[in-house]
Amino acid sequence: MKSLSRHLFIILTISLLLSACKSQKTTTSGKHPSGTINTTTNPNPGANLPVKKLPKAPVALQPLTFQMPEMPREFRGVWIATVANIDWPISPDDTYEKQKRDFLNLLDYYKNLNFNAVIVQVRTAGDAFYPSNHAPWSKYLTGKQGRGPNTSENPLTWMIQEAHARGLEFHAWLNPYRATMNLNTADLSPDHDYNLHRDWMLKYDTKYYYNPGLPEVKAHLLAVIKEIVDNYDIDAVHFDDYFYPYKVAKLDFPDKATYSKYKKPGQSQDDWRRDNVNQLILALNETIKQSKPWVQFGISPFGVWRNQDKDPKGSPTRAGQTNYDDLYADVLLWMKNGWVDYMIPQLYWSMDHRLASHRMLNDWWAKNHYNTNIYIGNGPYKIREDSDAAWNNPREINMQISYTRTLPTIQGNAFFSAKSLKIKNQDVAQLLKSELYNEPTLPPSFQPKSPSVIDTPVVFSVEANSEFTSIRMASPLDPAIRYALIQGANELNQLAGAEIHPVWVGGMRARTLEVKSLNTKFLAVRWIDHYGRIVQTQVYQIP
């Protein structure tokens, strides 16, 4: 019996142990009963687990204290004339794709010559090289006025983007008062102002002109300019020398009725005409600056304000016509009043021309600048094409620029026109590059009317592959940043001379900049704002 009892006790003990194990397995593998919390804790739960270190938070690259030299400043512009297909398009009958290739060819040519601005004619005579609510398409683009190019692309947007991609400023050049190039009005689009507003037009010699004395004409021209400034990322609005037309002997401009209607008491016709142009220039400046304060307003007037025999303040010249007396353009008043940002007087004479010396006119404009930026307009179109024998010397242009550089109040040059240094006179262009334009420069900067605070850009990382170098910012760029100039080198002392890669951002708050691959040890970035000022120059060592 004792043996049986002992066996029963062992069996019962084993059964209880098995039951306890089954009960524990069910509880721990399932959910806790409602209202209960497992408070059992392991005093060292990770003691037997592998430890993985968390990565450090990424940090922005720190700029080096290395100082890059200041880039020189000098305006180097070229006029690209579209009227009569002088420079571009080569032919209005070319396909749009060929016209694009030709335009890029011009940009690349002048970029290679170390130019920094193009002045592109986007309105020739009441027409437009862009889709406009105020003018028909230009016949010089498509062969027929009012017919658009065979593309969904906006030609002006594209031209601006391509210029900026090369670090070239884009100055939109317009002719204000010229309405037609001849008297053949049958070829004008039904949407041309001659057909819509015949009462705005005055016939003079071989052309029609907008009547500068009409308030409606002034309002229309303001709308034309505002449309461009509001819708395009241009750097400047540019007018040339055509205000009231150059006088034709024994032919009066037919605005007598308008003068009688709108003149002020005691105001002469000449003063009234000048006042018409003055009021347009003032209103244009205000229109531009209210929309985009950083867009410049520049004018390239005829090279002579007045001759000294008419005014002791005038230049020692004997020009047949002048701004003040014949074109009714009082350019000195515009500079005195701060209505323009720059002037490019057209000094298309040789250095010592007997009637209008290039040398003496440089001196005159250098003295009469009124704190306005002055660039000199040079005329290489005369090289080997003029009765003045001085233009047979291929060094005439270099002599002119060298003289301009001796005058501290003159900040650069512009050249008329694009084909004159590209098609016929490439030897002169190469002399210019090898002797005077051998290094790139920045165009002059401007000061905003009111001070502004710009967030300093912070570079987060730089990554390079075989094709591109990508620069990522810690935060989007301040919208006041216009573009960056990027250089790369393996030695710090090589950075300043390295190739410059411009990246245009145009205030778009970019987060990433991309240039062709720069697998270099060091990187330099110059950040430039809308006014052309260098916000900061940063140099980085690439990890």
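**Helix pairs in close-up**

The crossing of α2 and α4 is right-handed, and, like everything shown in these views, it belongs to a predicted model.

**View 1. Helix α2 beside helix α4.** The axes of helix α2, residues 96–112, and helix α4, residues 155–165, come within 11 Å and cross at roughly 30°. Because angles under 35 degrees count as roughly parallel, α2 and α4 are described as roughly parallel to each other. On the α2 side the residues in contact are Tyr96, Lys100, Phe103, Leu104 and Leu107, and they meet Pro155, Trp158, Met159, Glu162 and Ala163 of α4. Sorted by class, the residues of this contact comprise eight nonpolar and two charged, with no polar residue.

**View 2. Helix α6 beside helix α8.** Helix α6, residues 215–231, and helix α8, residues 269–291, have axes that come within 10 Å and cross at roughly 30°, and α6 and α8 are therefore roughly parallel to each other. The crossing in which α6 passes α8 is right-handed. From α6, the residues Lys218, Leu221, Leu222, Ile225, Lys226, Val229 and Asp230 meet Gln279, Leu280, Ala283, Leu284, Thr287, Ile288 and Ser291 of α8. Eight nonpolar, three polar and three charged residues make up the contact of α6 with α8.

**View 3. Helix α6 and what covers its buried residues.** The 17 residues of α6 should span 24 Å at 1.5 Å a residue, and the C-alpha atoms at its ends are 25 Å apart, which agrees. Buried in this helix are Val217, His220, Leu221, Leu222, Val224, Ile225, Glu227, Ile228 and Val229. The elements covering the buried residues of α6 include the strands β2 (117–123), β3 (169–174), β5 (207–210) and β6 (236–239), together with the helices α5 (193–196) and α8. Leu221, Leu222, Ile225 and Val229, which are among the buried residues of α6, are also among the residues that meet α8.

**View 4. Helix α12 beside helix α13.** The axes of helix α12, residues 396–404, and helix α13, residues 426–435, come within 9 Å and cross at roughly 35°, and the crossing of these two helices is right-handed. Ile397, Asn398 and Ile401 of α12 make the contact with Val428, Leu431, Leu432 and Glu435 of α13. By class, the contact of α12 with α13 has five nonpolar residues, one polar residue and one charged residue.

Terms used: Residues are numbered from 1 along each chain as its sequence is written. This is a predicted model: local features need pLDDT of at least 70, side-chain atom pairs count only at pLDDT 80 or more; totals for chains, interfaces and linings use all residues. Side-chain values use heavy atoms; hydrogens and water are left out. Axes are lines fitted to C-alpha atoms, for helices over the stretch in contact, and angles run from 0 to 180 degrees between N-to-C directions. Helices (H or I, at least four residues) and strands (E, at least two) are DSSP runs, numbered from the N terminus. A crossing is left-handed if the near helix is turned anticlockwise from the far one by less than a right angle, and right-handed if clockwise. Contact means heavy atoms within 4.5 Å. Ala, Val, Leu, Ile, Met, Phe, Trp, Tyr, Cys and Pro count as nonpolar, Asp, Glu, Lys and Arg as charged, and the others, Gly among them, as polar. Angles under 35 degrees count as roughly parallel, over 145 as roughly antiparallel, 65 to 115 as roughly perpendicular and the rest as oblique. The expected span of a helix is 1.5 Å times one less than its number of residues. Buried means under 20% relative accessible area, exposed over 50%, partly exposed in between (1.4 Å probe, protein chains only).
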